[in-house]
Amino acid sequence: MPDLVMRKFVCVKEEIYHEGGPRIDTPLTRAAVMAVIDNPFACRYEPDIQPLMETLRPLGVELAKKLIECLGGSKNVESYGKAALIGVNGELEHGALWHAPGGYAMREVLGGTKAIVPSSKKVGAIGARIDVPLAHINAAYVRSHFDTMEVGLNDAPRANEVIYILAMTTGPRVHSRSGGLEVSNIIGEDGLR
């Protein structure tokens, strides 16, 4: 498997003080990191693509560390998600290869979180945007942390590129009041409750 060729790395950060209700003192912070890389499988069908997952593993760890730093440390992270945007000369499976390297990297760097890392992927042209699904890091059933962060770049993905994306937040949706399992009631054994 050839080495990854990265064109650029981007970090975006949002601080949200209200969603139409009262302003909160400490904003919810959402951040995402994106790596724009050449797609080694662009313009051709390759039956054996799984070796790329091992090649992507160090990228996942590097992006997770950068993202945690952007949020001020792992103690601040409460939810996470991942995504991939594949240029039009690629296929959806090239984004699916990010599941293990992206998800396991975040879980490892955060210290062994319990919940599965939600994911999305799609093929798109330059400027395409994608919603990165977000959920609590230790209990997937915590409704207050069901969220998304829309990301995209004005010059990517080019036809032969892939954007691999990780996202994290510092807390629940601002003004969450949908009920369900509360953070204070998390057991944290099965990744669900």
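Tutor: What follows looks at one residue and its surroundings, then turns to a second residue and to the cysteines.

This is a predicted model, in which local features need pLDDT of at least 70 and side-chain atom pairs count only at pLDDT 80 or more, while totals for chains, interfaces and linings use all residues. Residues are numbered from 1 along each chain as its sequence is written, and side-chain values use heavy atoms, with hydrogens and water left out.

V36 sits in strand 2, which covers residues 28-38; strands here are DSSP runs of E with at least two residues, numbered from the N terminus. V36 counts as buried because its relative accessibility is 0%, where buried means under 20% relative accessible area, exposed over 50%, and partly exposed in between, using a 1.4 Å probe and protein chains only. Once neighbours within four places in sequence are set aside, V36 is in contact with V5, M6, R7, K8, L153, A156, E161, V162 and I163, contact meaning heavy atoms within 4.5 Å. The C-alpha atoms of V36 and A84 are 9.9 Å apart, although these two residues are separated by 48 residues along the chain.

S120 belongs to strand 4, residues 119-123, and is buried because its relative accessible area is 17%.

As for the cysteines, a disulfide is a pair of cysteine sulfur atoms within 2.5 Å, and the count by this rule is zero. C11 is in no disulfide, the nearest cysteine sulfur being that of C70, 3.4 Å away. C11 is partly exposed because its relative accessible area is 34%, whereas C43 is exposed, with 56%.

Note on methods
Helix = DSSP H or I, 4+ residues; strand = E, 2+ residues; numbered from the N terminus.
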